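Please load the model in a viewer and keep the selection panel at hand.

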Amino acid sequence: MQLLDQIIITCLEKIKTERSIQAIYYILIGKKSIQTVQDAHIFKIGSFYGIYKTLGRDAFDERILQLKKQNVIKPHVENTIQLTEKGLNIVHQQKDDSFFQHINGLRYSDMEVAFSERLLLVIQTVTNSKMGYYSFIPIIDRSTITTWVRQFFYVHKDNQDKVLLALYHELRQLLKGISDLHASIFVDRLTGYQNYGQSIQQLCYQYNLHEHDIQLRLTATHHYMLHEVLNLQSQYPLLTNFVNDLTTNRFITNSAKKTNQLLHQHYSLKQIAAYRGLKLNTIYDHIVEIAIYDPSFPLHQYVDQSAYQEIIAAIKQANSFKLKQIKQLLRETTSYFQIRLVIATTTISLKSGENNESNSLFN
Amino acid sequence: MNQTAYLIDNLQQYFGYETFREGQLEIIEDVMNGNDVLGVLPTGSGKSLCYQLPAKLLEGITIVVSPLISLMMDQVKELKANHFKEVVAINSFMEYNERKNVLQNIHQYKLVYVSPEMLQHPILQSTLKRVHVSLFVIDEAHCISQWGHEFRPDYLKLKSIIEDLQEPTVLALSATATPTVQEDILSMLNRPSMIKHIYPMDRDNIIFSIEEVGGDREKLMIMNHIFSTYRVPTLVYFSSKQATEDVSNRLQEANPSLRIAYYHGGMEHIDRISIQQQFTNDQLDVICCTSAFGMGINKPNIRLIIHYHFPAQVESFIQEIGRAGRDGNASISLLLYSKHDIYIPQSFIRQELPSRTEVHDVMEKLSTWFKKDITLPDDQEEIARDFQLSEIQWRFLRFQLEKHGMIKGQSILYSELNWEQTFHQIDSFIQSRQLLKEKKLIEMVSWINATDCLRRKIYQNFQTTIKKPKFACCSNCGFSFSDWKPEQTQRNNTPYSWQKRLKRILLVGEKMNDKAK
Ligand SMILES: Nc1ncnc2c1ncn2[C@@H]1O[C@H](COP(=O)(O)OP(=O)(O)OP(=O)(O)O)[C@@H](O)[C@H]1O
Ligand SMILES: [Mg+2]
Ligand SMILES: [Zn+2]
């Protein structure tokens, strides 16, 4: 089974019929909306967040269609989809792949592209420069990357041999930690002096894998590298330079960041809304976003102990994260905002079962 | 120092070439002296230099209007790689901030590439008005002529833009302009006294070969046969992206020792560059591509150009085979023809421009919008989607409507009488365009079916005399593949383990290259 299909059904197994299939697509491409981030969080599929940014909607729909044809998934009510018996079996038996072990989208998806493109362009630049060849055409043309690489090059231009040797040792050390397949794909993608890297399509042919697989496996390798380099800086002194100024995803939107700053200055939510000229509901969105990311978020300021207990009980009873269903089980005075905050910070999982509604009837 | 010596001096200094090629000096001298020039030179003859050198030498800025974004970007990259740094391409792919930055510092550049669409932008126009534009270049100038094979409506607006720029020197360049198209270029630019430098466009080192086949299977068989004998830099042209992928996979399966890849406009930047550069570096043998490939490529030793699908006009064909043999050595153009192939360009011609009902529907909608006081959205893509037109179709129609005073910017203008008349005028214009294209297609097909000399025949509309072929003439004059003995590409092996490959890429243990410049 294709890696992408495995991912889709793994996500599906977690979110069940709580969300439409679209939600999975948004998670994979790393949509910058609170809904998506919150979904990634509460359904515990954050590792998949933003791992395939270039996945097209058509290509995704095509996979869904194939999975239906193979009788792995089937339609459920209201545009949702569920796993079949066969699908459930597949989900439970898969997992050996080192891929699943390495990806961590919620943490690294924002750094990944910059990291890998810097690496590619540095290798191309330094190898060509070592050979005295300056008329090469850069494989990366995004100005944020080229500017960075130019600076890097300037700093290191007098010890190119050392840089290349260090890159070799550090990359080899890193790649030894993953499967030969992943290491090999990674190396084939590199461009050096008079030696251009393989395109995605060429890699597909060479490894007899689908394009999605190649993309995803490269991403996993990058996440793995980021993880190692960030955690073992002393072992990777050169590559540490590539990631120092990059930040792991924390606040998805700048707007939420601003709200957070004001919050720390002890403004009330209404004041923040007025001050920023935004709707109160928008500020609520920001707070939910902050709650997802900030482990020290003071939930009790917004939801008191008894309301919290009631909401948790309601979630369990509904066996669902659907706001409407939960709200129906609660007092009038409990707001959607409070329910969302509790969902954002909770660690409870839903019970599995074919149909949530009928389950909850017999509980 | 006289001017010629001065130019040769700078040619050597900035571009590292010893001498000018045919036509270059004549055109450059005229341009430097402030004369407007129409230059028609064969593909690959070095037209770019005709404005790149003046750009370097003239005070002020040189603007180059170029129809293909990929082409522009490639040229800019190449110039930059070769130490011409004051160059930039302004296009819609640029990030907003980057574009702003470029516009603010426009005076720092000597050479500015723009697409005709971009040039319509009011901000860009007013920026250009504030600086001194000394030379205005129209590359692929046949696009300006409605008789040209790549007619692009936005090109028609160039005349007024040039007028707004206080009359810079104008240089129009093309490789495929018949005398009719040449006249049209002068009149569309309103420069009747442009100096014409027209050079014969026949390429004496390219051999023409056509093979008629029963269908796609036979095309594959022929290619497989060729590829089992020759490993030479080869391009195979297709009319669809899908076909490049499919056939490339099948060829690779049948010829595992050849390195084959595909290339089309739908691929990501990094992959496009990789494929293009692998090919330039002889890391790849064969590229299956659409016409998106080749324009920017600068590989002197492409030996074989195969047309799996033929283009809809002789002019496009000449341009595509023009990528072959830029080093002057014997190269082959092989066209594989099956009778069904004509349906592809035929349906393309029909779909390229909006149909009568589509024009009608759009105008209906505009008139209701007018009555409700609704203006056009700003986003052109959105409008095209609303009208269910392709972007090209909408761009065409918008230009027609503007021309007839039906719309102006975002506002819709309306008068009952005009409306009716405009519809008929646009409709008949579309009809005549389609007729022309069909005629062009017939011309292409009749060339393919010719029984006399293919070389003589393909150039007959462009010029009267023909150079003697350097190696062999064409399949109708008795050429056969077995006469062809090109130099074959040497292939070096890549090590098996990733550890060794990594070591090699990072040049560990490799000596520095002293002879490189
Ligand atoms: N005077 C010269 N001496 C040697 N090489 C030259 C000279 N002028 C141009 N060239 C080279 O000729 C090649 C073709 O040049 P260019 O791309 O400008 O051709 P072109 O006429 O624009 O072709 P096309 O019709 O395909 O656009 C380039 O590699 C260029 O560097
Ligand atoms: Mg050119
Ligand atoms: Zn002949």
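**Stop 1: the interface of chains A and B**

Select the residues at which the two chains meet: 37 residues of chain B are in contact with 46 residues of chain A, contact meaning heavy atoms within 4.5 Å. The model is a predicted one, in which local features need pLDDT of at least 70 and side-chain atom pairs count only at pLDDT 80 or more, whereas totals for chains, interfaces and linings use all residues. Residues are numbered from 1 along each chain as its sequence is written, chains are lettered from A and ligands numbered from 1 in the order in which they are written, and side-chain values use heavy atoms, with hydrogens and water left out.

Between them, chain B and chain A bury about 3,800 Å², of which 60% is on carbon and sulfur atoms; buried area is the accessible area (1.4 Å probe) that two parts lose on being put together, summed over both. Next, highlight B:Trp498, B:Ile505 and B:Leu506, which supply 19% of the area that chain B buries against chain A, more than any other three residues.

Which residue of chain A forms a salt bridge with B:Arg501? The partner is A:Asp188, and the closest N and O atoms are 2.3 Å apart. A salt bridge here is a side-chain nitrogen of Lys or Arg within 4 Å of a carboxyl oxygen of Asp or Glu. The rule finds two salt bridges across this interface.

The count of residue pairs in polar contact between chain B and chain A is 10, both residues being at pLDDT 80 or more. A polar contact is a pair of N or O atoms within 3.5 Å; within protein, one must be able to donate a hydrogen and the other to accept it, and residues adjacent in sequence count only if both atoms are side-chain atoms.

Now colour the elements of chain B that give two or more residues to the side touching chain A: helix H4 (69-81), helix H11 (241-254), strand S10 (260-263), helix H12 (269-280) and helix H20 (498-505). Helices (H or I, at least four residues) and strands (E, at least two) are DSSP runs, numbered from the N terminus. H12(B) gives the most to this side, with eight residues. By class, the side of chain B that touches chain A has 16 nonpolar, 10 polar and 11 charged residues. Ala, Val, Leu, Ile, Met, Phe, Trp, Tyr, Cys and Pro count as nonpolar, Asp, Glu, Lys and Arg as charged, and the others, Gly among them, as polar.

**Stop 2: chain A and its aromatic cluster**

Chain A has 20 helices and two strands, and its C-alpha atoms fill a box of roughly 75 × 55 × 35 Å, taken along the principal axes. Of its 363 residues, 56% count as buried; buried means under 20% relative accessible area, exposed over 50%, and partly exposed in between (1.4 Å probe, protein chains only).

Select A:Tyr284, A:Phe297, A:Tyr302 and A:Phe337, which form one aromatic cluster. Rings of Phe, Tyr and Trp (its six-membered ring) pair if their centres lie within 6.5 Å; planes under 30 degrees apart count as stacked, over 60 as edge-to-face and the rest as tilted. Over all chains, the search finds 28 aromatic pairs. The pair of A:Phe297 and A:Tyr302 is stacked, because the ring centres are 5.4 Å apart and the planes are at 5°. A:Phe297 counts as buried at 9% relative accessibility, as does A:Tyr302 at 17%.

**Stop 3: salt bridges within chain B**

Return to chain B and select B:Arg191 and B:Glu167, whose side chains meet in a salt bridge (2.6 Å, N to O). B:Arg191 lies in the loop between helix H9 (179-189) and strand S7 (195-198), and B:Glu167 in the loop between helix H8 (158-164) and strand S6 (169-174), 24 residues apart. B:Arg191 counts as buried at 12% relative accessibility, whereas B:Glu167 counts as partly exposed at 46%.

Move on to B:Glu315 and B:Lys440, a salt bridge with its closest N and O atoms 2.9 Å apart. B:Glu315 lies in helix H13 (residues 314-321) and B:Lys440 in helix H18 (residues 416-448), so the pair ties together parts that are 125 residues apart in sequence. Both B:Glu315 and B:Lys440 are buried.

Finally, select B:Lys437 and B:Glu352, which form a salt bridge with the closest N and O atoms 2.9 Å apart. B:Lys437 is in helix H18 and B:Glu352 in helix H14 (residues 343-352), 85 residues apart. B:Lys437 counts as buried at 10% relative accessibility, whereas B:Glu352 is partly exposed, with a relative accessible area of 21%.
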